[in-house]
Amino acid sequence: MTAALRFDPIRLPSECEQLRKEVRAFLADEIAAGTFSPFKPNREDTDVPEFSRKVGARGWLGMTWPKKYGGHERSFLERYVVTEEMRVANAPTRRFFVADRQSGPVLLKYAPEHVKMDILPRICRGELCFAIGMSEPNSGSDLFAAKTRATKTDGGYLINGTKIWTSSAHVADYMIAIFRTSQPTKENRRHGLTQFLVKMKQPGIQVNPIGQITGQFEFNEVVFSDYFVPDDHVLGEIDGAWKQATSELAYERSGPERFLETYYVLTELVRAVGSKPDTRSAEGIGRLVAQLHTMRRMSVSVAGMLQAGKEPVVEASIVKDIGTVWEQQLPHRVRDLAAFVEEDAGNRETLERQLSFAIKTAPKLTIQGGTTEVLRGIIARGLGLR
Amino acid sequence: MAESLMTELLMEWLAACRHHRVPCGQRLSSLWLFPIIERRKKLAPCSGVIAGRTCANAISGNAVAESDNIVVETAEKIFADLADAQTINHDKKGGWKAPLWRALTEAGLPLSWVPEDCGGSGASLAEGFGVLGAAGRFAIAVPLAETMLAGWLLAQAKITSPDGEMSVAPASPKDRITLNGDGTLSGRARGVPFAKAARHIAVLASGNGGVSIALVDAARVRIEAGLNLANDHSDTVTFDKVEPAAIQPAPKGFDQTALMLMGGVTRSLQIAGALESMLDISVRYSNERVAFEKKISKFQAVQHNLARLAGESAAALAAATSAADTLANSSAFDSDAVFLEAVAAKIRCSEAAEKGGAIAHQVHGAIGFTIEHILHRYSLRALSWRDDFGSESYWAVELGKRVAARGADELWPLVASR
């Protein structure tokens with residue numbers, strides 16, 4: 001066989017079910033208390049620091065990290081349950097999501113001990129928001145074209161240049177970014193980039209909001225002018241960021257957030273058609289649920305492989321490719337099926353409001369965090385085509 | 001003595017396969033004839049107490065997982081030796097069928113799911129599902145899956161399975177066979193796979209007293225021959241007051257939906273297997289075929305098409321194996337979670353058969369459209385299998401109705417139930 005793609009039927013262990021109940025009860029309390037609304041999907045607009053701290057207090061941040069850094073040494077599958085329940089409830093996770101999923105694991109692997117001791121416990125308490133500084137005005141999918149420079153100076157580096165499309169930079173406390181420390185070599189065009197931990201809200205950093213077609217201001221331009229980063233904020237190997245970037249991807253690309261982004265329109269459609277749908281609605285809903293179920297089983301399977309210490313990069317890319325294309329099409333399919341919903345369906349207004357937001361959100365889903373084209377390139381390499 | 005030597009050789013061969021990843025089709029060409037039933041008798045004491053060198057070599061770790069491998073590897077070995085797609089494709093007279101069926105029978109595979117006291121091999125559901133995936137990878141066109149399913153159905157009512165090919169009726173959720181007051185069976189079942197080749201038909205019938213399971217001699221029913229897209233038999237079987245050879249009440253809770261779900265998962269695994277092979281031969285072909293002065297695998301458009309085929313193949317495999325795992329670990333078919341697993345597999349695998357098969361053909365170009373090329377063996381069978389035991393459209397409607405009846409806020413708990 002060319003490619004032994006594996007998606008073993010992993011089942012969530014029993015401790016996950018108890019945890020799921022706890023998370024659902026917590027979210028129900030927060031909804032009842034008015035912290036957020038499950039019917040309002042544009043949670044990116046709502047920055048709710050106290051919610052973040054409560055999630056931390058429940059022990060649901062840094063779940064898989066060592067206890068000495070404030071973590072809870074629980075399994076990757078338990079983290080999976082918390083993530084999917086929060087996403088389905090439209091909980092305001094922006095403040096902690098990136099730190100918990102991605103930035104924390106990078107620090108765990110590459111930061112000096114005293115930096116880990118300083119920052120990781122604060123992430124676990126839900127106090128810190130992180131941004132990811134990858135894209136630049138002329139460097140998006142082509143990560144290794146990044147030009148923002150880090151020039152060596154006494155005790156650290158001076159940063160000059162611009163990052164762009166940086167989600168949450170306007171509220172973030174830290175950013176993990178890649179900057180150019182050397183020119184690429186003839187043999188290796190990926191050489192010369194270094195990963196840094198950057199403290200935000202400091203002189204030398206200007207954050208300019210960028211409006212999105214959804215009406216939100218969720219991503220930003222971040223301009224660095226002689227911004228100083230100390231030596232102990234270098235993460236990993238100088239000039240060797242390219243070796244560090246790929247292992248993150250399996251974590252970033254296979255989670256439930258990669259197919260649940262527009263899930264709320266499906267729930268509202270089921271509400272709108274009522275308990276006895278016509279054949280057309282029933283078939284449409286049945287197909288969507290079958291597709292959703294399949295993606296979730298694939299995604300849980302990848303989580304199980306990560307838990308087992310494997311690096312399923314190709315499988316994770318497949319989950320993100322299929323998942324993001326699906327969540328992008330979902331609002332349009334729901335719109336098709338909703339066309340004949342009774343005018344007086346009780347939730348018609350909610351459904352229409354959600355649909356218009358989801359349809360406007362849809363185009364970004366196959367771009368952020370690795371475009372469809374990049375993912376298919378990775379899958380093709382896994383198949384031995386490149 | 002001869003038998004224990006066989007056991008020893010088999011163990012060593014399997015251990016070698018596992019440790020050195022030797023393609024199982026290349027060794028010990030007579031040992032696959034060793035029947036599963038005999039092997040299992042030999043294995044049973046070994047798995048508890050490691051007795052001697054050969055067992056220690058072969059059985060390490062989880063005995064159940066290891067024995068899954070042995071049954072599937074036995075099937076793969078037979079398929080590789082006697083059901084090579086290229087050979088079959090060139091054999092216009094069907095001379096390959098009899099030796100293949102004989103080998104499968106001698107290994108005990110058609111009655112995998114029949115307990116030993118009902119005349120079968122007593123393999124686990126999981127082992128049988130593994131065999132079906134392999135059957136899909138080889139696009140096997142003898143009634144192996146059908147006989148396995150028939151044996152399983154009969155075993156539900158403790159009816160002993162006879163020798164020879166079998167099929168099941170009904171094979172569609174829309175058809176019904178009725179048990180008359182005089183103990184005879186009436187009704188019509190369409191799209192019954194391989195009915196024409198079957199010596200017996202396992203029947204699920206409804207009567208005033210509930211659901212029954214029956215064994216019927218194929219000579220007693222009227223069979224109108226039909227062919228599916230892949231030219232395999234898919235026949236209409238008419239029961240006109242037919243007296244069954246054996247009939248027993250079905251166990252409590254067992255109904256036609258249970259049979260359709262089991263049949264659907266069977267077809268899902270076969271489709272997923274066929275897609276694995278379509279991906280494999282498409283990738284291989286793209287690395288051989290040169291156009292515009294380079295291998296077509298170097299064109300980005302082709303790479304992205306193949307990446308999508310890999311995605312469809314992966315989705316089918318994940319859905320089918322998840323459903324199989326669920327059935328293998330559930331005692332009943334009546335929960336919504338089991339229903340979701342089984343029908344989602346049928347729906348998603350059927351969609352993958354369409355999308356994935358189209359890409360495999362696109363990559364192959366005109367050569368893949370010829371009768372000489374083996375691609376159609378996989379692509380047409382995968383498309384045909386969509387129709388058996390309820391199409392994806394049928395199950396989507398049923399699933400949609402169930403989801404709606406549960407209500408919007410019960411959708412996520414259903415999806416997240418496993």
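Visitor: Into which domains is chain A divided?

Guide: Domain bounds come from an automatic or database domain assignment. In chain A, domain 1 covers 14-128, domain 2 covers 132-242 and domain 3 covers 254-382. Residues are numbered from 1 along each chain as its sequence is written, while chains are lettered from A and ligands numbered from 1 in the order in which they are written. This is a predicted model, in which local features need pLDDT of at least 70 and side-chain atom pairs count only at pLDDT 80 or more, whereas totals for chains, interfaces and linings use all residues.

Visitor: How far apart do the C-alpha centres of domain 1 and domain 3 of chain A lie?

Guide: Those centres lie 23 Å apart. Contact here means that the C-beta atoms of two residues, placed from the backbone, lie within 7 Å. By that rule, 13 residues of domain 1 of chain A and 15 residues of domain 3 of chain A take part. On the domain 1 side, α3(A) gives the most, with seven residues. That side divides into six nonpolar, four polar and three charged residues. Nonpolar means Ala, Val, Leu, Ile, Met, Phe, Trp, Tyr, Cys and Pro; Asp, Glu, Lys and Arg are charged, and the others, Gly among them, are polar.

Visitor: How many helices and strands does chain A have?

Guide: Both are DSSP runs numbered from the N terminus: helices are H or I with at least four residues, strands are E with at least two. Chain A has eleven helices and eight strands. Its C-alpha atoms fill a box of roughly 70 × 55 × 40 Å along the principal axes.

Visitor: Which residues of helix α11 of chain A are buried?

Guide: A residue is buried if 20 or more other C-beta atoms, placed from the backbone, lie within 10 Å of its own, exposed if 12 or fewer, and partly exposed in between. In α11(A), residues 372-382, the buried ones are A:Leu375, A:Arg376, A:Gly377, A:Ile378, A:Ile379, A:Ala380 and A:Gly382. Their cover includes α9 (313-338) of chain A together with α10 of chain B. Across chain A, buried residues make up 49% of the 386 residues.

Visitor: That brings in chain B. How many residues of chain B are in contact with chain A?

Guide: There are 45 from chain B, facing 47 residues of chain A. The largest share of the chain B side, 15 residues, comes from α10(B). By class, that side has 26 nonpolar, eleven polar and eight charged residues.

Visitor: Which residues have the most contacts inside the largest nonpolar core?

Guide: A nonpolar core is a set of buried Ala, Val, Leu, Ile, Met, Phe, Trp, Tyr and Cys residues joined through C-beta atoms within 7 Å. The largest has 237 residues, and A:Leu269, B:Ile201 and B:Ala320 have the most contacts inside it. The largest share of this core, 16 residues, comes from α9(B). Beyond its neighbours within four places in sequence, A:Leu269 is in contact with A:Ile285, A:Val334, A:Leu337, A:Ala338 and A:Leu351.
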